[in-house]
Amino acid sequence: MKKSKFTKFIAVFLASVTICSSFSALAADIPDNATDPAKETDKDSGTLDRNIEEVKEILNAISYEDYLKRNADIPDATSSFKINAVDYDKDATTAKVEVKKDFEGKGSSLLLPDDGKVGWKIDVPATGKYAIKMEYFPVSGKATSIERMFLIDGKVPFKEARYLTATKIWIDEFEADGNFKSDINGNDIRPQKSEKPKWRTYSFNDSLGSYLEPFKFAFTKGEHLIQLDAVREPIIINSIELYPLEALKTYAEVKAEYAAKGYKPASVNSVIKVDAEKPSAASDRVIYPIYDRTSPITDPQDPAIIKLNTIGRDKWQTVGQWIQWEVDVPESGLYQIAPRYKQATLAGMYVSRRITINGEIPFEEANRLRFNYSDQWQVKPINNNAEEFEFYLEAGKNVIELEVALGDMSDILRRVENSLSNMNKAYLKILMITGPTPDPYRDYNFGRLIPNEISSLYVEEKNLTQVSKELTELVGIKGDHVATLDKIALLLGRMGSDEDEIAKNLENLKTNIGSLGTWLLTSKNQPLELDYLMIQPKGVALPPANANFFQAAWHEIRSFVMSFFTDYNSLGASEKIDKDEIVEVWLATGRDQAQIIRQLVDNDFTPKKNISVNVKLVAGGTLLPATLSGTGPDINLFSTGNEAINYAIRSAVLPLNEFPSFNEVTKRFHPSAMVPVTLYGKTYGIPETQTFSMMFYRKDIFADLGIEIPKTWDDLHAIVPVLQNNKMEVGFPSSLAGSNLFLYQMGGDLYADDGKRINLDSNLALDAFRDMCELFEMYRFPRTYDFPNRFRTGEMPLGIAEYSGTYNQLTIFATEIRGLWEFVPLPGIMDKDGNINNVSTAGVNCSVMMRNAKNPEKAWEFMDWYTSADTQSNYANELVATMGPAAKHPTANREALVELPWPTRDYENLASQFDNLAGIPEMPGGYIIQRYVDFAFLAVYNDGADPVESMLDKIPEINKEITRKRKEFGLEVIEVPSDVK
Amino acid sequence: MSENTAAKTQDVRPVSRKDMTKWQWTWKEMKRNKVAYIMIAPFFILFIIFTVIPVVLSLFLSFTTFNLLEPPKFIFMDNYIRLFLDDDIFLIAVKNTFIFAAVTGPISYLLSLLLAWFINELTPRIRALVTLVFYSPSISGSVYLIWTVLFSSDQYGYVNGMLINLGVISKPIQFFQDANYVMPLCIIVALWTSLGTSFLSFIAGLQTIDKSMYEAAAVDGIKNRWQELWYVTLPTMKPQLMFGAVMSITGSFGFGAVVTALAGFPSVDYSAHTIMHHLDDYGGTRFEVGYSSAIATLLFLIMMGANLLVKKLLSKVGQ
């Protein structure tokens, strides 16, 4: 009964989905509904219209370097002009903009939402190359930066203009006395970050830092249309100014100017010390105070308790991130700025920063400050390795800002990036001829087939050698960092000059492309940790950078002794908690997760509900013995659906249906999320994460081969030969995962008769199983493969894989293909009416309430709060903030998903698949299915057995086990015929 | 006569062994040696808590049905009846276990012995080095995972890659997911890691043998090295032989972790499913601890039997 209801529901749902999708396809051109909030729920279109033409256009865009070359004959502009943001052009605007009158002291401004284009008509007075800057006001929103795409006359002028990134402004919330909050034991508690929007100027520049100067855009005299297309986050703009970019003065010139003006070093008494861990603002939420316990003279320091005393390290390493300090200067004059810093990550290299004082870059060299490597702390006036700079500061408040920039490295890294992309292209071309394992003795005739690529290998060898030479000069020594480049250059030289070497070294080239990508990634990271900034006139002695031996020894001894008396469990506890009243929550994931949840509890849940919660990080596998001995928690987080049901049928967890707000809570999730945690009408867990498969594809390869992104399985079948002709493969989940995908898209179900027997012997399921086997038999899909790796190298340009893990991994480790891939909803099965059913099967992690919960009502309050959209999005954003972009949390809460920092395009894809999910129920004895389906599949795969026969063979075994298990729990069974062995 | 004896004992000792029951005598002896007992107590208490009690408990649980989360229910022999009469997989597991034990047990034992014997001939410095080389696979923990790289099912696995390059196969062999390969491969890996503790104890045993024994034997007419081995070396190191045998029996019957790491759990078509796996399957996946205790009890009995058998065989050494 329940099942048929469920199928009906699914059917109705899918029908509505497909109807909506046909409408939304029609409506796609009507841009006004683009920001309609209803869109989020209405846009249930199964498949998104991703057109290969669009993909091609993006890929073939030229780089800024080429753009400059192409427009070399256009002179630099000589005059500037400004337009007000509110004078936007209605015809060229698709976004739902909003005019803000008298906004924050700057007059009328324009709010640009996070979706759609906004256009302005400009009248350029004279042909020339203009830089563009805008005055903006970041709107509070998600924890990500603002991203816009810039178009001139409807076209993106060059590739980098797609990723214009403006930062937000974050501040720490200190206590009234300017100190950090502390817990009952005196440990500092990391302050909350909040957005504090202020007007800021953004000059359009490269978000990756490959170009130190802002972009110059070529305009001819006359009327033009400029547009900003939203990628991420809303923004308020006051004005846009096109101005001629003038070269900055050099330090020598500035120094002469100072002398001419009679500026003198300030008097020796004006020494200011600024605690770096208490900045006045920072660009990212991740830049928060941290603690250093390595040095006894890090200020402040304590052997026993945690003192937040530094800032930065790996939180402050990406281009564009800045930290600001407000400094009260006692007297006008020349000062040196000497930070106490540590750069112990890039061995043999330096990291770069750009300094601005009161919003101005004082001189050219300020773009390329250097912080050299040492495993010790260092105190040195800001310098560029040649000269220590002096800055003129007026008496009163000054704002000093340090921004991550690539400095002298920017040019080098850009060239290496170019080389990498050329190598990638050449590799793909060769791969299409030879396949991943070429025959070293065959003459492939590369010179005739792909002459350009072969010569490009040779060219890149020259480039890399040159880069390596320059880099050695720049750094002063030839470290292992440079050696990587030499090694690759050597290989390229061999392959480029001798055709016979190509096939032999292809494998080698592949690994080297990977290592070059990693090289780029690590070189671009510019971590720096700051303790304090000394602002003092030249000549005043600097404080010591490191403690002497006795200080260090005394510190170590004290910390060692104190370590016996520190209560590490109550870190962050703000009040003594009465033992019996607390809700005990366990999780076995990781320290960061536990800490974030604890923080959210302390700052949000406990104050609101007046319920104390003890969040405990336990080792995996502790729950079972703890429950057995009666010392378990009240709530366990991140249980699998399987675990929840396993505990439920042994009455170790409580059903949750009876709690007052149960129905509201379940509405937060897609119905499929409730399926695995529900058994016979009783729900035992509240979903936290929901993961499912999506289709990943390589844009560049698809564009190159001219094939469309498959929307149905028939489409997929059609492109497989094309891919395979080019020696490429498709990744597809084998065995049960694969056949379930087909089964649920056909509208089937894994169990029959309410879980009393398996449904795999139904015609539908056998079809699904056969279809899956066919892919592996007929098309020879590989069964075992490392998807991210093969995807990265291009051998497997198409694959169906679990979305969050794969996405996270690819963003972090496959940097060389950034922007060359995306994930889209799965292909589906088209029915007679042309509707496509492309549901993906989803699994969940859930929180469960244990049988021994002392206070079920309070525990339920926690679960309710914890799975709410607010908490989930806070949690997810915190996680990204703490652990970086690879920690995207696959929340099950549909509402929270909107708040997560996904790029808009990815979000759209994700959301559209999110509305097309199917949950697989967990039943007693379910573990047996995977096992026997594996056996059946392997019989087909290894020995070429008939899929249907091989499946039918296993059915009695599965049913027998299910029946046996059900008997154990006193559930209704269907008697298995006695002839079954 | 009896009077005489009584008088005599009264003279020498107040109480004699014969005047007491066995228990009284034991108690008295214990009191006399109480220092020794105190010294052994820490180990003994721990041994009882962590070894004896669990074994007894498991024996008890094998007569119940117990799912770890609810109290056990007594069902008498049902577990054993089901195990023998209604569990095909168990029979497969028994078969596999015996194959494993029969192949890896003796081979690894003989291998250890022979290698130890050979190595013993080397000069001390080289001996130490060679010992380390042979012993390293078993001290390096999960080093056998290197085999999953060698025999990876991916087309980039070393063996698959080589075979594809040579043109022997066109699609990768699923070495650890193909019933034809799993068992032989696991046996090879088991042998590779088996030069463990017994190997070391043999080497130690060989070192303890007094050189004069060989000289005496030579005088007595030993003709060759084989006779020397059989009549002198082996009988002298019987305790080590026994120890090695017990280790290799428990090792080969308790074989499972390596298979799980290589071939997954369960292995395809239960092709390398051992009793240990069956035990894990019921104790872990299915939460049927009663049933898995029954399996454990049987495994225990089998090992005991094998040990007795080996003891018998070893008593023949040197005869």
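## Aromatic pairs

Over all chains, the structure holds 82 aromatic pairs, meaning Phe, Tyr or Trp rings (for Trp the six-membered one) with centres within 6.5 Å; planes under 30 degrees apart are stacked, over 60 edge-to-face and the rest tilted. W147(B) and W192(B) have ring centres 5.6 Å apart and planes at 70 degrees, so they are edge-to-face. W147(B) is buried at 13% relative accessibility, while W192(B) is partly exposed at 32% (buried is under 20% relative accessible area, exposed over 50%, partly exposed in between, with a 1.4 Å probe and protein chains only).

Another edge-to-face pair is Y282(B) with Y291(B), at 4.5 Å centre to centre and 65 degrees between the planes. Y282(B) is buried at 4%, and Y291(B) is buried at 2%.

## Where the chains meet

Contact (heavy atoms within 4.5 Å) involves 39 residues of chain A and 32 residues of chain B. In chain A, R650(A), R931(A) and F935(A) lose the most area to chain B, together 21% of what that side buries (buried area is the accessible area, 1.4 Å probe, lost when two parts are put together, summed over both).

Seven salt bridges are counted between chain A and chain B, a salt bridge being a Lys or Arg side-chain nitrogen within 4 Å of an Asp or Glu carboxyl oxygen. One of them joins D154(B) and R790(A), at 2.2 Å from N to O.

## About the model

This is a predicted model: local features need pLDDT of at least 70, side-chain atom pairs count only at pLDDT 80 or more, and totals for chains, interfaces and linings use all residues. Residues are numbered from 1 along each chain as its sequence is written, chains are lettered from A and ligands numbered from 1 in the order written, and side-chain values use heavy atoms, leaving out hydrogens and water.
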